[in-house]
Number of protein chains: 2
Amino acid sequence: MGALRLPSLALLLSPCKSLRLRPSTLKAAATVSGGAGSRGLSSQSLAKEESSLSPPSADRKPSSSYEGSVTPRSVDFNAWYLDVIASAELADYGPVRGTMVIRPYGYAIWEAIQEYLNVKFKETGHSNMYFPQFIPYSFIEKEASHVEGFSPELALVTIGGGKELEEKLVVRPTSETIVNHMFTQWIHSYRDLPLMINQWANVTRWEMRTKPFVRTLEFLWQEGHTAHATLEEAEKEALQMIDVYKKFAYEQAAIPVIVGRKSRAETFAGAIRTYTIEAMMGDRKALQAGTSHNLGQNFSRAFGTQFTDENGQRQHVWQTSWAVSTRFVGGIIMTHGDDAGLMLPPRIAPIQVIVVPIWKTADEKNGVMNAVSSLKEVLHKAEIRVKIDDTEQRTPGWKFNFWEMKGVPLRIEVGPRDVANKSVVVSRRDIPGKPGKDFGISMEPSVLVTHIKSRLEEIQTSLLQRAISFRDSNIVDVNSYNELKEAIAGGKWARGPWSAGDAEEVKVKEETGATIRCFPFEQPQGQKKCFMTGNPADEVAIFAKSY
Amino acid sequence: MGALRLPSLALLLSPCKSLRLRPSTLKAAATVSGGAGSRGLSSQSLAKEESSLSPPSADRKPSSSYEGSVTPRSVDFNAWYLDVIASAELADYGPVRGTMVIRPYGYAIWEAIQEYLNVKFKETGHSNMYFPQFIPYSFIEKEASHVEGFSPELALVTIGGGKELEEKLVVRPTSETIVNHMFTQWIHSYRDLPLMINQWANVTRWEMRTKPFVRTLEFLWQEGHTAHATLEEAEKEALQMIDVYKKFAYEQAAIPVIVGRKSRAETFAGAIRTYTIEAMMGDRKALQAGTSHNLGQNFSRAFGTQFTDENGQRQHVWQTSWAVSTRFVGGIIMTHGDDAGLMLPPRIAPIQVIVVPIWKTADEKNGVMNAVSSLKEVLHKAEIRVKIDDTEQRTPGWKFNFWEMKGVPLRIEVGPRDVANKSVVVSRRDIPGKPGKDFGISMEPSVLVTHIKSRLEEIQTSLLQRAISFRDSNIVDVNSYNELKEAIAGGKWARGPWSAGDAEEVKVKEETGATIRCFPFEQPQGQKKCFMTGNPADEVAIFAKSY
């Protein structure tokens, strides 16, 4: 194993972690004093319980990888991000540089993304299918700007079955080329159009600077590919799909993305127009969270993808492609997370409610566990994703922190007094301390279910509102290059009228680090003057530093 | 494109297809005379309609790839198989030798497999996750029999980002090695066990002889990987998962697989025991349709995957892995298909009911289309997967053949007379002609839904029963090597007592082409004598030629 046995993310980035106070003692006390502590269990008793239940020191390495505290977000956003990924058990580094293992909890978030989008894709007339991932090298060279964009990032298979291959094979970085190769065989007449397909697949791009979820050598995504008889239809499709992504971002992920068109410099290699959803992360950097491309006839001309129209004329098809990837999981972490860890919008949370039973004596345990089981059953029947944490190795305090770290929207605590009162305490992940707690919620099924459902909806709405406020307070309208420089230097996004050229765009990037994220669909009214050149401008552009 | 633009499967294998009578004329007439023909539309009128609606001869290549008749199954099973895959639009060749494009209809069958198994995996305590597909070459070398089994089949990435890599990367042929590399980081104590995960992924094996679905360079599968504290637990898990596969095969795919243990020679490279489900195809060759391996401590010793047990001792974990792949789709085709094409068990059919409206005048069309829409709504609400084929380019006769080719279990025909009578004709795919038709089924929702649901269940049961009869009539009990030779030469499976060694197993293979498919779980009672050596035998083995 040797050199390839890499240390975990958390160890790698927080070398002095072992010197910190153990959070299971530290934080448990804090949490309990505002919550369970006031309900019969003192922080002392928890601390004691913790020490009696914790494993012998020879086995100090915890049985779950939860290592407790993470670097505060405000201190070092990047370290915080990596700590959260490690502590919430979302992902781990793979043995090959830049690769990532998506762990069950992280993968469950991806599954929530898949489930929603997969239904929307089918509703809008697309079918899933699967193309091979090995693409002949010559395919990549057919579309000029495509090869320019992708050739530096390719992984190549040169040996198969022990033999050097005659033609190198590209491990797909995206599938436009092989899709067109196949489309030429399936498309003959206008009656075969539109052809609208999607695939869920892994893709490989040999990135030099990687970051879990955000940019990895291999990642998972869906890629939609469509062919149409007219430019107008292709344009309508590209717009329809960016709208599907936008709705997903707002309604499910609670991420208030800004939708717009990419500048020419930022357009996909091979597209005539790229639409994007841009999200503001907690450090105010932009994340391109999904794109939809109008490919025009670029690939169909390169591959000869033609159809016979209603007049018997041969025409090249008009195409689109669009994709969302596991990068979106990174966007969710960086939009909603806080110092306590992950914070998941209820609609995509793998676990919406965590139930923590609390007891001291065997008698108490019986009563509590009975209550907890029927509670689980009630919530499960109401299609609420609920889990009981009844492991005996950990204290309630440790569990509170752990599930906060995992971003579970609601926690239900059930102790002996709650059983006696037939009520529970419900705590929100998004509001710390007492203000986020509802005391004395009846265990009566209909009351409890109604309460939980409405709280989950409230949290969903609240996370979106909070993100909208954050976004809007960090976008500055600029009317001069100096104002832009100031905004970007202050870590904000700058929005201003723009009609300058590619050269000026490069200049802005070189001098400020910011790029045009998009020309937003929502444009201010009135006449505009480019803040760079003073010439008339049709649109405002949004500039920001980005991932 | 040139050399890489391969002809389609059907063209490749049926060079004289264009010389055949066009099935849309030929078969439509035949079908109609027994069905719709007797209900108002003559075969002549259909033939006429066909010619008036068919595209101009310059556009003779059909707009769907349905090319009509396939090679009869009895004439050439392999040609039939490839014809069905092409005509039912299940898959196509990819541009790289041995790769396959899974088309929407074929992929939908795979999705049905995924949906069922995914739920079962979660119910049995497994979580989905994702491991990178690039594995350092050195990993593969760690487990001796594993490298021996897989090294001839590897695809290797040697160039990344334009540079020669220091260590070659294997494109995963299976993931035991990288799984163990990660397990060493996640497993510390007995409390971390069992660790039970699954991934849905693509895998690559550089096969020399390929066949769509059955054996392709790249294929899709799920691979389960688990780690346990004891051998007994691992064995229980391996058995549990082969039972999940068996139930899927019987209850969903209507394939009466035989479950058993592989011989030592056929055990997975790296396992101590392999369990298998073996299916008899229509040509009586065996298809290994799913496997579950007890890996013992082979990989944990190679990778150092250890845990601290309850007594504080370090132990190597005990592991399993298990997989089902897109090969299963090939098994479904080859179990149920007939000369008319695919025949899908209702539970996994992407479309369970195809509705074909029939009319001549515009007036008739109105009435028929209204009836058909409400019919669709009724069935859709009852969660029956229904589709209307209302394209005007094709005749009803062409459609009948096309959807038979696609294996849709039930067809509903709705013509003007049916609308007047408020009833429909329902035709079964599995029983040709009049005996498979129910005339005058009321369109009243509850009556229709009940009828369709019970017919679908009947078809599901009937396909399984038919396959069981076929299987049982093609397994011969043998008590001597000569009897085995005779059975195998007659294309059958041979079942007989076996306690001979690897050398004799090789001899059988060389002399007859048959291998031990498994020692079936269901064993006859009583004392047994090995048919090869005459020594006492504990078990019977099943021998067959296989894919």
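**Reading a two-chain model**

Mentor: Let's start where the chains meet: 71 residues of chain A are in contact with 71 residues of chain B. Keep in mind that this is a predicted model.

Trainee: Okay. How much area do chain A and chain B bury between them?

Mentor: About 6100 Å², and 61% of that is on carbon and sulfur atoms.

Trainee: How many salt bridges does the rule find across the interface of chain A and chain B?

Mentor: Two. In one of them, the side chains of B:Lys122 and A:Glu111 come together, with 3.3 Å from N to O. That pair counts because a salt bridge needs a Lys or Arg side-chain nitrogen within 4 Å of a carboxyl oxygen of Asp or Glu.

Trainee: And which classes of residue make up the side of chain A that touches chain B?

Mentor: You'll find 36 nonpolar, 21 polar and 14 charged residues there.

Trainee: Now strands. How do the β5 strands of chain A and chain B run, parallel or antiparallel?

Mentor: The general idea is that strands of a sheet pair through backbone hydrogen bonds, in either sense. Here, β5 (residues 155–160) of chain A and β5 (residues 155–160) of chain B run antiparallel, joined by five bridges. To spot it, look for A:Ile159, which stands opposite B:Leu156.

Trainee: What about sheets within chain A? How many strands form the open sheet there?

Mentor: 11 strands, and their pairing is mixed. The order is β3-β7-β8-β14-β11-β10-β9-β22-β25-β21-β20. β3 (127–128) and β20 (475–477) of chain A each have a single partner strand, so one side of each has no neighbour in the sheet.

Trainee: Last topic: backbone angles. What should I look for?

Mentor: Most peptide bonds are trans, and most residues other than glycine have a negative phi. So look for the exceptions. The bond from A:Leu193 to A:Pro194 is cis, with omega near -10°. In chain B, the bond from B:Leu193 to B:Pro194 is also cis, with omega near -5°.

Trainee: Where does A:Pro194 lie?

Mentor: In the loop between α8 (176–186) and β7 (195–204) of chain A.

Trainee: Is the phi of A:Arg284 positive or negative?

Mentor: Positive, near 70°, and this residue isn't glycine. You'll find A:Arg284 in the loop between β10 (273–280) and β11 (286–296) of chain A.

Terms used. Residues are numbered from 1 along each chain as its sequence is written. Chains are lettered from A and ligands numbered from 1 in the order in which they are written. This is a predicted model: local features need pLDDT of at least 70, side-chain atom pairs count only at pLDDT 80 or more; totals for chains, interfaces and linings use all residues. Side-chain values use heavy atoms; hydrogens and water are left out. Contact means heavy atoms within 4.5 Å. Buried area is the accessible area (1.4 Å probe) that two parts lose on being put together, summed over both. Ala, Val, Leu, Ile, Met, Phe, Trp, Tyr, Cys and Pro count as nonpolar, Asp, Glu, Lys and Arg as charged, and the others, Gly among them, as polar. Two strands pair if DSSP finds at least two bridges between them. Helices (H or I, at least four residues) and strands (E, at least two) are DSSP runs, numbered from the N terminus.
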